[in-house]
Amino acid sequence: MKILRLRLAGFGPYKDEQLVDFERFDNDGIFLISGKTGAGKSSILDAICFALYNQVPRFDGSELKLRSDHCVAGDPTFVELDFSVNQSRYRLRRSPAYERPKKNQTGVTMAAATAVLQVLDDADGSDEGGWRGIAAKPGAVGHELDAILPLKVDQFLQVILLAQNRFQRFLLAKTEERRAVLRTLFNTGRFEQLEAALILRRKGLDEQLATSQRDLEQNQTVAAQLLRHDGPLAAPTAGWFAAAQHDLAGQLDAATVEQARTIVELATATDQHQSLLQTEQRQLRRSAAASDLAVLDSRQDDIVRERADLQNAARAARVWPQVRARHEAASALAAAESALAAAQAQREGDRPAETSGAAGAAGRSRTCAASVETLGQLQPIIDGLLGRLGALEDALADEVALPELDNEIAELLIEQLEGTRALDVARAEVDALPEQIEAITAEYSAAQLAAARQPDATIALYRAALTLAAAQTVTRLGSVLLTAQQAELTASGDNADAAAHYESVLARRFSGFAAELATRLITGDACAVCGSTAHPQPALGHDEPVTTHDLNVARSMVTDRQGQLVVAQNTVQSVDLRLAEARALTRGRGAATITAEHDAATEAHRLADRATSTLPDLQARLARMQSTMTQATASVEELCGQRDQASTAHAARVSQREAIFGRIAAQRGEFDSVRGQATHLHNALTQARTLATALSLVDECGAAEDAAHCRLRAQLAEEAFTDETAVLAARLDQPEIERLSKALRVHDDSLAAARATLTQPDLADLPTEPVDVAPAAAAAAAASTARDTALTVQSSLVDRTATLSVIVGRVGALFAASAQMHEMQQQVRQLADVVHGDEPNTKRMRLENYVLAAQLEEIVAAANIRLRTMTSGRYTLEHDDSLAFGGARSGLGLAIRDEYTGRARPTHSLSGGETFLASLALALGLAEVVTGQAGGVTLDTLFVDEGFGSLDGETLETAMSTLDSLRAGGRTIGLISHVDSMKEQIPATLRIVVTDRGYSEIEGGDRTE
């Protein structure tokens, strides 16, 4: 990555547009950015970081205030940066959010932040044309930059832009922080992916093995159930399944033999039982037939009488329709005469009303009320009544509409009254709203004031929480420290005991050497010590001899006790250090005081939070009140119009009702309503029509009765009946006829069946006494039960044997697959553990850390070339891959070796100037190694902000000589410093000057006017 050009305006101390062409320093290799303190040297680096990451190192964690205070309304604020990555040239223009004048010049508004990203498509890399847009919104630009830029902002500030207070971060970083930077620079994420893939593969194999074992156990459980085995099961093996299969096959053979025996016994018992049943059934048939024949012969007289009754009933059935027709005609005539009398009586009762109404309308009168009217006389009366009813239709419609009109008048009156009440309520609401709006406005102002205290309350609560946690830690670690110290004392005593035991065993070993040699002496052979072949007094051992194994056990115990003592000592030191840190945070205050401070801070924070949370609600309530005021004012005018409209409509409907009521009164006459008049006329019309219908019906029914009587006399003569009484006596209803017919048929069929049964050949030679079938039935049932039991057992064993055969085949495949899988799992597990930094990886170094450690060794080697020169050979960096405290991951540690003492020590122990030199050498070594790596990130630009002022003259001269050696090689290094001696040694310079008007300008950077 290389920074090519920077253009900015209205940024920091720079009011006017400034241009810095960094490519003009490519031939120099090193250039100096100089100027007075506060002139704006670091602001150039701020602009680069803002353009790339929308962040500024100096505003880390706080609000960005980037617009120049020297800008006036209308002055632009932007940063435009050209940079190259992987042979591609990009242009990025970004501006922060800031206040600008409104277009109507009535105030200011907040201008939104903008960002535009372009890429140069021209192959020659010229600035003329060829720029193609990639993204034009801050969010989209940030997304595209994530894919283009190889480094995150923290990594960029550690390896390219070494800003103030961040210069030494890579040197002093922890392992994980340093790992994040290096893995991005060297693109080693694939090793972590490989590690994850191995772990995933190991977990998969573990799960497959566990699944295979579970399958074996489940199959063994099923097999045990097939064997009816209830006891505990051993571990599943191939032999266990083979034995189970053999056992079940033996049970099946025995069950098959038992099944064949029970089948033969059942067949014999069944044959005997069936023979006896057949004899018993024939005896029963013979007895039943003889009994039935005797009963049938005894009923012969009754059967003859029933046959005669059935014949007479058939003759009466042929006459009966004429009898019934004559009775129906007589009944119809009587009903018609009764209806005529009723109609005449009803009409005679209403005669005065009809005479005054209908008869008068017809223009004629009746002189004899008792005389029967003919059909010709009734027709003119009916026509007159129909005419009068037609004249009342309009009056009836008005009378029906009158209640609805009364309801409408009442509703309009209610609407008028409700409109008046609603208008009064609306006017009262309008009068009350100003006071409510004023009260909510006051409450909203108070909440705003309380919410403004929230940031301070949050900070205070955070500090109080930290202090309270420290006080709790002091209380907890006090007892932990006592426990650790006690464990240290115990471990020290155990260590001393183990050492004394080892010394005792060693002494016994030495003292027993003579006796041990004496046991090996053979008469006539030379002694291995003195060479004598005579052994008059061999040494005797008084104790059990001490072996090499005893010595090794004692020595191992000493080593273990020493390790336990070291662990106990480290634990005491760690707890003591943490206790001291916690006490420092409490500053000697007691737990009660700290708790009270925390409670007060919590309450203050709660009140501020509550005020903040209520602000939106209060603001919404105030807006609703103001909106309600506007709506209520409009509602008053609307309600006033509605009330006036209801009053006008009410007056119109009252006038309409008076006109309709006059027309109804003229039509109802002497009745209470037109409906009553119409009902009376309808009744008279109905009576006249009823009388006319009755007259017609009497004539028709008389003629029908005469015809039916003639047909009856003819049918009686034909069937030889004297009169209707004889027909009624002979007649039977249909159910009785069917009953007699059925009874005669059943008698005839039963008689024939009984006689036929007694003549059958198989009943001729039967024994006289009944046979006993109960013993044979019991024997057959017992044989059937035994056969069913044997069949069930044999069928169950067949199914269980087949199922067990399938299980044995499946288990054999599982055993074969598990063996191969187990071997593969062991290999993958061992490889995954080594790659992940677990045992047997004694360094606890993961694969990616191992690769990065090798890269870090190269970086350290490259950095030491310059560090030795800058420190006159005193200091060199060392790569530290030792285990971290507590067994944490290692591999990327750094230490500084001091040749004066010959020992390495932590990098944090360096002084300020020494830290600067080591950080500078490390940054240069990092850039050199990363650039030389294929596939890595090229670091063609490096900025160093301050730090040279901490060096003495001789060290500064050495550092400058080292930097001067970097002029060649295509890399550009920018140094920011106000040290005067550096201006003499670095000819390529950007000078920041402060104008008389207070803002800054850049000289030597191709500034535009």
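Modeller: A salt bridge is a side-chain nitrogen of Lys or Arg within 4 Å of a carboxyl oxygen of Asp or Glu. The present structure holds 25 salt bridges. It is a predicted model, in which local features need pLDDT of at least 70 and side-chain atom pairs count only at pLDDT 80 or more, while totals for chains, interfaces and linings use all residues. Residues are numbered from 1 along each chain as its sequence is written, and side-chain values use heavy atoms, with hydrogens and water left out.

Biologist: What pLDDT does the chain average?

Modeller: pLDDT is the predictor's confidence in each residue, from 0 to 100. Here the chain averages 78, and 88% of the residues score at least 70. Residues 352–371 stay under 50 in pLDDT; for that stretch the model has 23 contacts (heavy atoms within 4.5 Å) beyond four places in sequence.

Biologist: In what order do the six strands of the open sheet lie?

Modeller: Strands (E, at least two residues) and helices (H or I, at least four) are DSSP runs, numbered from the N terminus; two strands pair if DSSP finds at least two bridges between them. In this sheet the order is S2-S1-S4-S5-S8-S9, with antiparallel pairing. Strand S2 (18–21) and strand S9 (131–135) form the edges, each pairing on one side only. From one strand to the next, the twist averages 20 degrees.

Biologist: How many bridges join strand S1 to strand S4?

Modeller: Seven bridges connect strand S1 (residues 2–9) with strand S4 (residues 78–85), and the two run antiparallel. Arginine 5 faces aspartate 82, which belongs to S4.

Biologist: Which residue meets aspartate 26 in a salt bridge?

Modeller: The side chain of lysine 2 does, at 3.1 Å from N to O. This pair links distant parts of the chain, 24 residues apart: aspartate 26 is in the loop between S2 and strand S3 (30–35), and lysine 2 in strand S1.

Biologist: Is lysine 2 buried or exposed?

Modeller: Buried means under 20% relative accessible area, exposed over 50%, and partly exposed in between (1.4 Å probe, protein chains only). Lysine 2 is buried at 14%, whereas aspartate 26 is partly exposed at 25%. Another salt bridge joins arginine 787 to aspartate 788, with the closest N and O atoms 2.9 Å apart. Arginine 787 is partly exposed at 23%, as is aspartate 788 at 36%. Salt bridges that share partners also tie Arg5, Arg7, Glu17, Glu23, Glu80, Asp82, Arg89, Arg91 and Arg93 into one network.

Biologist: How many disulfides does the count give?

Modeller: A disulfide is counted when two cysteine sulfur atoms are within 2.5 Å. The count here is zero. Cysteine 71 is buried, at 14% relative accessibility, and cysteine 701 is buried as well, at 10%.

Biologist: Which residues does valine 828 touch?

Modeller: Valine 828 is placed in helix H19 (residues 774–836) and is buried, with 14% relative accessible area. Leaving aside residues up to four places away in sequence, valine 828 touches Leu198, Arg201, Arg202 and Leu205. Valine 828 and arginine 202 are separated by 626 residues in sequence, yet by 5.9 Å in space, C-alpha to C-alpha.

Definitions and conventions:
Axes are lines fitted to C-alpha atoms, for helices over the stretch in contact, and angles run from 0 to 180 degrees between N-to-C directions.
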